[in-house]
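Colleague: Please show me how to read a few features of this model, taking the general idea and then the particular case.

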Amino acid sequence: MKTISTLLLSAIALTPVGALAADKTIGFSQIGSESGWRAAETTVTKQQAEERGVDLKFADAQQKQENQIKALRGFIAQGVDAIFLAPVVATGWDSVLEEAQDAEIPVILLDRKIDAPDDLYMTAVTSDTVYEGEVAGKWLVDTLGGRDCRVVELQGTTGSSPAIDRKAGFEKAIADAPNVEIVRSQTGDFTRAQGKVVMESFLKAEGAGNICALYAHNDDMAVGAIQAIKEAGAKPGEDILVVAIDAVPDMHLAIANGEANATVELTPDMAGPAFDVLDAYWADGAMPEKWIQTESKLFTSADDNQAIYDMKKGLGY
Ligand code: AHR
């Protein structure tokens, strides 16, 4: 029977309003708006701040690390009470985080991890991005049942932690399946437009009939690629299986329409746990674990994707 996961509903719902964060100022350095998921994270963070009476200073970095570093320095100069950072890439953060540490401003990482000593940030609220890739790869291996499969892969932003981890996780899941082979792999920068362009080049190079599955590091790239597959005269979801990550409304719709097969959900509510951590810290100095892990759930055609689409489409994606 098709059901909507209650976990999904609770993951999207706002967490209870905290009192302590009220009247605090928090700087949020967001990557940009490359994907529907990113838009939803921004919406949820702003909603959470309003609910909790937090003055949120929002800075859109337009995909550039240098803009994020500039924004962080601006927040430090303003003397904000805390900083949320969604880091576009994994490396190059040490100096600016040391500056925040010197100013005694706690920094919380949202949705992506960094390569830096972990005393430079308070905690990271993220999914297990290696596991997400593993779930996608395992779904493909199980679905194929031993059939030979030439896979094309659309990677996320080069140097970002989810692109690195989702690749590693998928490769781990197919390592013992000699019938599954990644034949092409290239970045689509997590965007719908690039997903389409790169898929077009894969189709041209391989021929649609020689590609059995697409693995995309996010749904937006998969949705762009689905368009390219259709324009090449093949049926996405049938001729070419499509599995990706995020569970944005358009991907649920694509699964409902038989044009995609599976997606691993990433909650856009990273800010709720981050605000809760700050409330606890400001209440009595409680320090959180270094990693607060969010849930990763697989959705397939066995779920009621039309109903999930209807429920999610108004949530800011
Ligand atoms: O860091 C999370 C990833 O960033 C999402 O999966 C992707 O859509 C976004 O751009």
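**Reading burial and salt bridges**

Modeller: E200 has a relative accessible area of 32% and is therefore partly exposed; buried means under 20%, exposed over 50%, and partly exposed in between, with a 1.4 Å probe and protein chains only. This is a predicted model, in which local features need pLDDT of at least 70 and side-chain atom pairs count only at pLDDT 80 or more, whereas totals for chains, interfaces and linings use all residues. Residues are numbered from 1 along each chain as its sequence is written, and side-chain values use heavy atoms, leaving out hydrogens and water.

Colleague: With which residue does the side chain of E200 meet in a salt bridge?

Modeller: A salt bridge is a side-chain nitrogen of Lys or Arg within 4 Å of a carboxyl oxygen of Asp or Glu. The partner of E200 is K196, at 2.9 Å from N to O. Both belong to helix 7 (residues 192-206), where they are four residues apart, about one turn. Helices (H or I, at least four residues) and strands (E, at least two) are DSSP runs, numbered from the N terminus. K196 is also partly exposed, because its relative accessibility is 23%.

Colleague: Is E41, by contrast, buried or exposed?

Modeller: E41 is buried, because its relative accessible area is 0%. Its salt-bridge partner is R38, with the closest N and O atoms 2.9 Å apart, and R38 is buried as well, at 2%. E34, R38, E41, D111 and R112 are linked in a network of salt bridges.

Colleague: Which distant parts of the chain does the pair R166 and E132 link?

Modeller: The side chains of R166 and E132 meet in a salt bridge of 2.7 Å, N to O. This pair joins helix 6 (residues 161-174), which holds R166, to helix 5 (residues 129-144), which holds E132, across 34 residues. Both residues are buried. In total, the structure holds 23 salt bridges.

Colleague: Which residues does S296 touch?

Modeller: Contact means heavy atoms within 4.5 Å. Leaving aside residues up to four places away in sequence, S296 touches S127, D128, Y131, E132, V264 and E265. S296 lies in strand 12 (residues 296-300) and counts as buried because its relative accessibility is 14%.

Colleague: Which residues are buried in helix 4?

Modeller: In helix 4 (residues 94-102), V96, L97 and A100 are buried. What covers the buried residues includes helix 3 (65-78), strand 3 (82-85) and strand 4 (107-110). After helix 4 comes E104, with a positive phi near 60°.
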